[in-house]
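Please take a look at the sequence and the 3D structure below. A short report on the fold follows.

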Amino acid sequence: MLIDVHSHLGRVLPDRREYVDVTNLIAKMDAWGIDHSVVLPLSEHPEGAYLECDTEDILAACARYPDRLIPFCLIDPRYGNRATMDFSHLFEEYLARGCQGLGELLPKMEFDDPRCLNLYRQAGRYGLPVLFDMQDRPEGYGLRDEFGLPRLEHALRHCPETFFIGHGPTFWAEISGVVPPDQRSGYPSGPVAPGGAVPRLLRQYPNLLADTSAGSGNNALTRDPAFGVEFLDEFQDRILFGTDSCLRSDLGRDWMTVTTIRDLRAQRKLSEAALEKIEWRNALRVLRRPR
Ligand SMILES: [Zn+2]
C-alpha cells in the first residue's frame with residue numbers, strides 16, 4: 001500500500017490549463033500506484049500563489065472519493081491576530097467533517113511566532129498533525145527559521161503533544177551540518193556533512209516527522225545516496241512518503257519521489273519493514289482518525 005501525505009488540488013500557476021481537479025488527482029494516483037492521498041488546502045494564507053484550494057474546496061473534492069482521499073484543514077495563525085486566539089470553533093467543525101490534520105501551513109512568519117505556537121498547541125490538543133513548509137526567502141511563502149532551526153526546536157519543545165511534519169527547501173537543507181547560505185532556499189547538492197539540524201532534532205524530539213515530497217525532500221534523500229539510505233533506516237519511524245505534485249500536466253510523467261521509493265524497494269536497500277513504515281504505516285499512525 002502507498003499513502004501520499006502531500007497532495008494538492010487547485011491552481012498554482014497563472015495558466016488555467018494547469019488547474020488540478022479531483023479527477024486529475026485520482027488519475028495521477030492511479031498512474032503512480034498511490035492508494036490514498038492526503039489533500040492539503042493552501043488558500044487560507046494570502047502568501048500562497050495558490051488559488052481555489054481552501055478547506056471548503058478540499059472537503060468537497062474529498063467527499064467525491066472518500067475511499068481514496070483524506071482531507072486536511074488549514075487555519076491561518078494570524079486569524080484573530082493574537083497569541084491567545086481560540087480556534088476551537090474551527091477545529092471542532094473541521095474534525096466533525098473528517099479532517100485528519102492541519103496544513104499545508106506556510107505563512108511568511110517566524111516558526112515560533114506566538115500566534116503560530118498557539119495554533120500548533122491547539123492542533124495537538126485535537127490530535128491533528130501539523131504539516132508545514134519552511135522557506136528562508138524574505139518574499140513568497142513559507143515559515144522562517146535561522147541556521148540550526150532554533151525556532152523549530154522551540155516549537156517542538158513547547159508543543160510536545162503536537163506532531164510536526166517537516167517539508168520545504170530550508171527544512172531539508174538543514175539535513176546537512178554544512179548549509180551554504182546561498183543554498184538555504186534551494187537544492188544543495190553533494191555529500192551531506194554530519195551534524196545537521198534535521199537529524200539532531202529527529203533524534204531528540206519524538207514529535208518531529210518529515211515527508212519525502214517535492215524537489216526539496218527528494219533532493220535531500222538522494223543527493224548523497226549512501227547517507228540517504230542510512231538516514232531513512234535510522235528514521236524509518238518518522239518519514240512519510242509524499243509527492244507535492246501541483247500541476248495537471250504532471251500526469252503522464254514519472255514523479256521523482258515515486259521513482260525514489262520504487263528504486264529503494266527494487267534495490268532492496270531498506271528492509272521490508274522500514275519500507276512499509278515509510279510507504280503507509282507511519283501515516284496511519286500519525287493521521288487523526290475521523291470521529
Ligand atoms: Zn505542498
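Which handedness does the β-α-β unit made by β1, helix α1 and β2 have? The unit of β1, helix α1 (residues 22–32) and β2 is right-handed. Right-handed here means that, with the strands pointing away from the viewer, the path from the first strand over the helix to the second runs clockwise.

This is a predicted model: local features need pLDDT of at least 70, side-chain atom pairs count only at pLDDT 80 or more, and totals for chains, interfaces and linings use all residues. Residues are numbered from 1 along each chain as its sequence is written.

**Overall build**

The chain has eleven helices and eight strands. Helices (H or I, at least four residues) and strands (E, at least two) are DSSP runs, numbered from the N terminus. The C-alpha trace spans about 45 × 40 × 35 Å along its principal axes. A compact globule of 291 residues would have a radius of gyration near 19 Å, and the chain agrees with its 18 Å. That radius is taken over C-alpha atoms, and the globule rule is 2.2 Å times the number of residues to the power 0.38.

Of the 291 residues, 48% count as buried. A residue is buried if 20 or more other C-beta atoms lie within 10 Å of its own, exposed if 12 or fewer, and partly exposed in between, with C-beta atoms placed from the backbone. Two residues are in contact if their C-beta atoms, placed from the backbone, lie within 7 Å.

Strand β1 (residues 3–7) runs parallel to β2, joined by three bridges. Two strands pair if DSSP finds at least two bridges between them. I3 stands opposite H36 in β2. On its other pairing, β2 meets strand β3 (residues 69–71) in the parallel sense over three bridges. There, V38 has I70 as its bridge partner.

In a regular strand the side chains alternate between the two faces of the sheet. Strand β2 (residues 36–39) shows H36 and V38 pointing one way and S37 and V39 the other. All four are buried.

**The five-stranded sheet**

Five strands form an open sheet in the order β4-β5-β6-β7-β8, with parallel pairing. β4 (102–105) and β8 (239–240) stand at the edges with a single partner strand each, so one side of each has no neighbour in the sheet.

| Strands | Bridges | Opposite residues |
|---|---|---|
| β5 and β6 | two | V130 and F164 |
| β6 and β7 | three | G166 and A210 |
| β7 and β8 | two | A210 and I239 |

In strand β7 (residues 208–211), L208 and A210 point one way, while L209 and D211 point the other way. These residues are all buried.

**Helices packed around it**

Helix α5 (150–158) buries R151, L152, A155 and L156. They cover an arc of only 140 degrees around the axis, so they sit on the same side of α5. The arc is that of the directions from the helix axis to the C-beta atoms. Their cover includes α4 (114–125), β6, α7 and β7.

Helix α7 (residues 197–204) buries A197, V198, P199, L201 and L202. Among the elements covering them are α5, α6 (169–173), β7 and α9 (225–234).

**The core**

The largest nonpolar core has 79 residues. Such a core is a set of buried Ala, Val, Leu, Ile, Met, Phe, Trp, Tyr and Cys residues joined through C-beta atoms within 7 Å. V39, F72, L102, V130, F164 and I165 touch the most other members.

A cis peptide bond joins G103 and E104, with omega about 15 degrees. E104 is found in strand β4.

N81 lies in the loop between β3 and α3 (88–96). Its phi is near 50 degrees, a positive value in a residue other than glycine. N81 counts as exposed, with 9 C-beta neighbours inside 10 Å. L149 lies in the loop between β5 and α5. Phi of L149 is near 55 degrees, also positive in a residue other than glycine. L149 counts as buried, with 23 C-beta neighbours inside 10 Å.
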